[in-house]
Amino acid sequence: MRSFAPLRCSTVRAFPFSFFRARRQGNTRPHLGSSCRHSQALAKPLWDLDDDSVTQISATTVSQGAIVKVQVRDQSGQLDVTQSTIPKSFNGNLVQVSRAIIYNTIDGPKNLGTISVFYPALGLFSGLKHEEVVFMSIFIFAVLAVFSAALIGNRIFIIRPLMRLTAAVEATRQLGSRHHVNWQSNDEMGRLARGFNEMQSKLESEECELKLAHRRAVDIYDLTPAMLFSLDEDDRITAVSDYWLVATGYDRPRVIGCRFADLVTSDTREAFLKRKNDLDGGAAVDVTVKFICADGSLMDVLILESTAATAGHDRLSLSVMTDVTELKASEARNHQQAIRDHLTGLLNRQGFETVLDAKILEVDAAGQELACLFVDLDRFKWINDNLGHAEGDRALREFVDRLKRHLAPSDQAARLGGDEFAILLPAKDAARRASAMAEQIASIFIEPFGPDLHLSASVGIAIYPRHASNAAELLQKSDMAMYAKKRDGKNGAQLFDTSMMDHTRARAEIENYIEAGLAEDWFDAYLQPIVSLNGRGVAGFEALMRLNHPQKGLMAPAQIINVAEETAKIVRVGNVIMEKAIAHLAAISRLPGMQDSYLAINFSPLQFEAALPARLAALLGRHGIRPQRIVVEITEAVLMHNNPQIRTIVAEMRRFGCRIALDDFGTGYSSLSYLNRFPVDIIKIDQSFTQSINDANDDVRDKSRTLVESITTLSHKMGCIVIAEGIEREDECQTLHKMGLDFGQGYLFHRPQQAAALIERLSATEQRIARAS
C-alpha cells in the first residue's frame, strides 16, 4: 500500500484541472474508457485470484482521470480490493459506475466479478482549484463591473439624451411648437442634440415665415378691393374675400360650400359650366354671367379664373369677379347706337341688314313672303340746300313719325342714309300688302311738312322669294325698282321687273366703259363753234365730252355723264376733257383770226373742288392762253346747291379772269334770282325755247318769243351776253337775230367734231374767204 501512495497524491493534484478541462469541453462525466480497459486487464488476475495484480491495476485506475475511488470484487466474495484518493475535506457526492469483469475461456466468456469506479458529482466549480476560482471570480467581477458601468453609462449618456430627444419630438408633434433638447456634451449625442436643436430653430424660423406669408396672403386676399373667390373640383366655394362679401351682400358661412352655379341665373349657368372645357392647368379663362346678389338683384360679372393641379390631382382655383353691369349696359347702348339712326331712332343700314337676315328666316319658317320697300324722298336735297340741314332733319323726323302710324308690330323700318328708307313687310301675300303700304306712304305727303314745303317719295318694291333668293339681292332689287320709278317721273311706287336688270347691266357696262376709257384714253373733247348771229363769224367753242369706244364707236354722252356723276368719276373725266379742250384751243389759236376765240367748258357740281382754280391756271399757263378766253359754264343745278365752297371757287375763277356762263337758262327754279346773286357774264338760252319760237301753234310761238325777248332784254340790261342753243334752221336764226340775241350755236352752223377736223374745216373756210376777197 505504501508503494501506491505517490500515485494517489498525483492523482489528487491532477483531478481539478482534468475535470475543469472536461467541463470546458462540455462533458457531463469523466472519461471512463480506462476503467473498461482495466476491467479487461483484471480478468486474468481475478481468475487466478492474484490479489497484488488486482491491487496494482486498481491503483493504476485511480491514478488516471477524475476517478477518485475503485472497488474490485469477485463473484465468490473472496476478493475485495478498494483504492481511494478522496481527500478528507471532500464532502460532496460520488457517482458510481460499475463494469463486469469477463474472462474468455475455452468454454466461453465467464463473469468473474465487477469493477466499480467513483467520481465526484459534477458542479459549477468543482473542477477548479482555489487559485482558479479566485481568478475566475475576479474575471467575473470585472465583467460585471464593466457591464454595470456600460449599463450606467448607457443610461446616463445615451438613454437620457434619447429620452429627452423623444420627449422633444413628442412635444413638437402634440403641441405644435418647436421644443429643443436640453443636453450638452462633446460626444455623438451632444452633436445629435445640437443638430436637432439647429433643425428645430430653422424649422421654427421657416414656420414663422410661412405663418407670416400666410397671414399676408390672407390679408391680401381679404383686403384687396376685388371680388376674389376660390372653388374646388366640384365648383363649390371654398373661400371668398371680404370685398366679395361686401359687394354681393352674402355672409361667409352661408356661401362657403355652396355651388357657385347656384348663384348665377339659369340663362347664363350653362356658359359658366362650359368654361371647364377651356380650363387647362394654369391657364386663365373668362366668362360673363349674371350673378344673383343676396338681396335678389342681378349683377353682370366678368369672372377670370386660373387653376392649378396639386399632387393629389385636385383642382385649385382662384377667381376674380368684376362687376361689369354698367359696362354691359354701355355696350347695349353702344350696340343700339351702332344699329340705330340717331336722328330718327330707326334701324340704320347695319341694323337693317341684320334684321333682314332674321326676317327671311322667320318668313321661311312661317311659309310667308317678305316685301322690301325702298323709299327715296323726292326733292329732299333741295330742302337741305335752300332751307338748311336743320329744316331737313325736322322733315325727316316728321316723315318717320307719320310712317310709324302705319307700321304693324311685325314690320321693320330703317333709315339707310340721307333721305333713303327701307321697310320690311312679312305677309302671306306680300305684293298686296306692299301695294297697300305704298298708298299709305303716298298719303303721308298730302299734308305739307311746313309752309309751302311739299314732299313726295319714289318707292321700289321687291318680294322675297319671288324676286330674290337672299337678303342682299332683295335689297338690291328694291333699290333698282326705286331708281326705275325715279327715271319714270318720281312720286309713286314701282314693283320690281326683270327688265330692270337689263338697265342695271347696261349701267354697269357703261361704268366699265368709263373706267376703261380713263385708263386707255378713249375720252376726247369735241368742239362745237359758237358763231355771231350778225355775220356768222366764229367767236368761240364749247367743249363737249365724247367717249370713242374701239368697237362701239362714239357713245351717247348723256348716259356717260349720268353714270359718271352717280359714281363720282365725273371729276376724273372732267379733268381729262378740260386738259384736252385747252390743248385744242391752243392749236386752234394758231389759225388766222382765232387768237381771241374763247373756250366754254361745262363743269359738274362735283368738279368744284378747292384745287380746280389752281389746276385751270396751270393748264392755261402751260399753253399760253389768257384766262379771259375761258368761259366756265355752270347750270342752275350747280347754283341750286347753294354751297359756299362752290360760290367761293366760282368767284375765285372769275377774279382770275375767266368768264361765267349760265347754261340751260330758264329750265330750272328761280333763275332770275341767280342773275342777281352770281357774277354771270353770259346767258345761254335753252334749246327748248329756240325750237318753239317758230312753232306752228300760235300760242306756243307767242309765249316762247315773249320769254326769249324778256330774257334777252334783262340780260343785256345786266351786262350779259345772250347765246341761243340748238339752232338748226335758218328761220330760227333769223328770228333770234331780230330779237337781239348775240350769238348762237347748233347744227345749222357746225356740229360737234374732233379738233383736227375742225381745224381743217376752219382752215378751208379761211382760204375760201381769202380767195373771195
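**The open sheet and its surroundings**

Mentor: This is a predicted model. In it, five strands make up an open sheet with mixed pairing, ordered E11-E12-E10-E13-E14.

Trainee: Which are the edge strands?
Mentor: They are strand E11 (412–417) and strand E14 (492–495), each of which pairs on one side only.

Trainee: By how many degrees are neighbouring strands turned against each other?
Mentor: On average by 20 degrees, with direction ignored.

Trainee: How many bridges join E13 to E14?
Mentor: There are four bridges between strand E13 (residues 456–464) and E14, and the two run parallel. Ser 458 stands opposite Gly 492 in E14.

Trainee: Which strands does helix H13 lie across?
Mentor: Helix H13 (residues 389–404) lies across strand E10 (369–378), E11 and strand E12 (420–427), at about 10 degrees to E12. Helix H14 (residues 430–444) lies across E10, E12, E13 and E14, and runs at about 25 degrees to E10.

Trainee: Turning to the loops, where is Pro 465?
Mentor: Pro 465 is in the loop between E13 and helix H15 (471–487). A cis peptide bond joins Tyr 464 to Pro 465, with omega of about 5 degrees.

Trainee: And what is the phi of Arg 536?
Mentor: Arg 536 has a positive phi of about 65 degrees, although it is not a glycine. Arg 536 is in the loop between strand E15 (523–532) and strand E16 (538–549).

Trainee: Why does Arg 536 count as partly exposed?
Mentor: Because its relative accessible area is 34%, and partly exposed covers the range between under 20% (buried) and over 50% (exposed).

Trainee: Where is Ala 568 found?
Mentor: Ala 568 is in the loop between helix H17 (557–566) and H18. Ala 568 also has a positive phi of about 65 degrees without being a glycine, and at 48% relative accessibility it is partly exposed.

Trainee: What is Phe 523 in contact with?
Mentor: Leaving aside neighbours within four places in sequence, the contacts of Phe 523 include Ile 514, Met 545, Val 573 and Lys 580.

Trainee: And how much of the chain is buried?
Mentor: Buried residues make up 42% of the 773 residues in the chain.

Notes. Residues numbered from 1 in each chain as written. Predicted model: local features only at pLDDT ≥ 70, side-chain atom pairs only at ≥ 80, totals over all residues. Heavy atoms only, no water. Contact = heavy atoms within 4.5 Å. Pairing = 2+ DSSP bridges. Axes fitted to C-alpha atoms, helices over the stretch in contact; angles between N-to-C directions. Buried < 20%, exposed > 50% of the residue type's maximum accessible area, 1.4 Å probe, protein only.
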